[in-house]
Amino acid sequence: MVDWVYDELVLAADLVSRNGWTGVRAGSSEARALSVLLRRGQLHEGEVLPANFRSTSSIQRKSYDLATADEKYDGKPTRGGRLDALVIGEFRANTAAMQKRATAIRGVLATGETLPAVLDDEVESREGGILEHLARRRERDPGLRSRKIQTALDAGIALSCEVCGFNFGLTYGERGEGYIEVHHVTPLHISGETVTKLDDLALLCANCHRMCHRGKWITPSAVRAAIQTA
Ligand SMILES: [Zn+2]
Ligand SMILES: [Zn+2]
């Protein structure tokens, strides 16, 4: 049995949310379409998948698990159970945004993108998914990075962290001059775009940047709020 990853659960929960918060039947066109999409295995790169992987009946089963996950959840569930409850909870709390996320994931999978078995560095987390992976990959694109930095410099904006104000040049002198990290503020599920706009990027110090990515992806303003609360 191959564990369902976050993105797969988002796609299944999307069907549940559009079906009056109840599970979908194996014979429905929705279950069939999701089965076809997931059976391509792009979210399980490098894994050997069984013949019945994400069959229409497994889609039905998972959709009913999701539909009842929040009521069922108490004590110490399996990891799968915990994720089920988390994802359906996210859909109940923010239905429109999560449905948008599902649409964006389907769009990305349609282009043939995969979530690699080994993520690019320890900051990347499987708690997020393929959208965060792609955003993370783009924020390291040297061209995009230098355009963002140059635009700030041209506008007379100092290269200081947008969250805490840290400035590498002021602290490290010549060694830090011109250094700043670039963060993708708006993951694809909000923008719905596959092209990164400079406005989607924030300039951050290494600490604040790491806090944005640690565990589940949060925004720079959420990091700023965390600093104020701490
Ligand atoms: Zn900072
Ligand atoms: Zn980032």
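Trainee: Is Phe166 buried, partly exposed or exposed?

Mentor: First, some ground rules: this is a predicted model, where local features need pLDDT of at least 70, side-chain atom pairs count only at pLDDT 80 or more, and totals for chains, interfaces and linings use all residues. Residues are numbered from 1 along each chain as its sequence is written, chains are lettered from A and ligands numbered from 1 in the order in which they are written, and side-chain values use heavy atoms, with hydrogens and water left out. Buried means under 20% relative accessible area, exposed over 50%, and partly exposed in between (1.4 Å probe, protein chains only). Phe166 has a relative accessible area of 27%, so it is partly exposed. Phe168, at 10%, counts as buried.

Trainee: How do Phe166 and Phe168 form an aromatic pair?

Mentor: A pair of aromatic rings is described by the distance of the centres and the angle of the planes. Rings of Phe, Tyr and Trp (its six-membered ring) pair if their centres lie within 6.5 Å; planes under 30 degrees apart count as stacked, over 60 as edge-to-face and the rest as tilted. Phe166 and Phe168 are edge-to-face, 5.0 Å centre to centre with 80 degrees between the planes. Phe168 and Tyr172 are stacked, at 6.1 Å and 20 degrees. Together with Tyr179, these residues form one aromatic cluster: Phe166, Phe168, Tyr172 and Tyr179.

Trainee: Which residues coordinate the zinc ion (ligand 1)?

Mentor: Donors are N, O and S atoms within 2.8 Å of the metal (3.2 Å for Na, K and Ca); water is not among the atoms, so sites may look incomplete. Here the SG atoms of Cys161, Cys164, Cys205 and Cys208 coordinate the zinc ion (ligand 1) at 2.3 to 2.4 Å. Their spacing in sequence is C-x2-C-x40-C-x2-C. Cys205 is buried, because its relative accessibility is 4%, and Cys208 is buried because its value is 6%.
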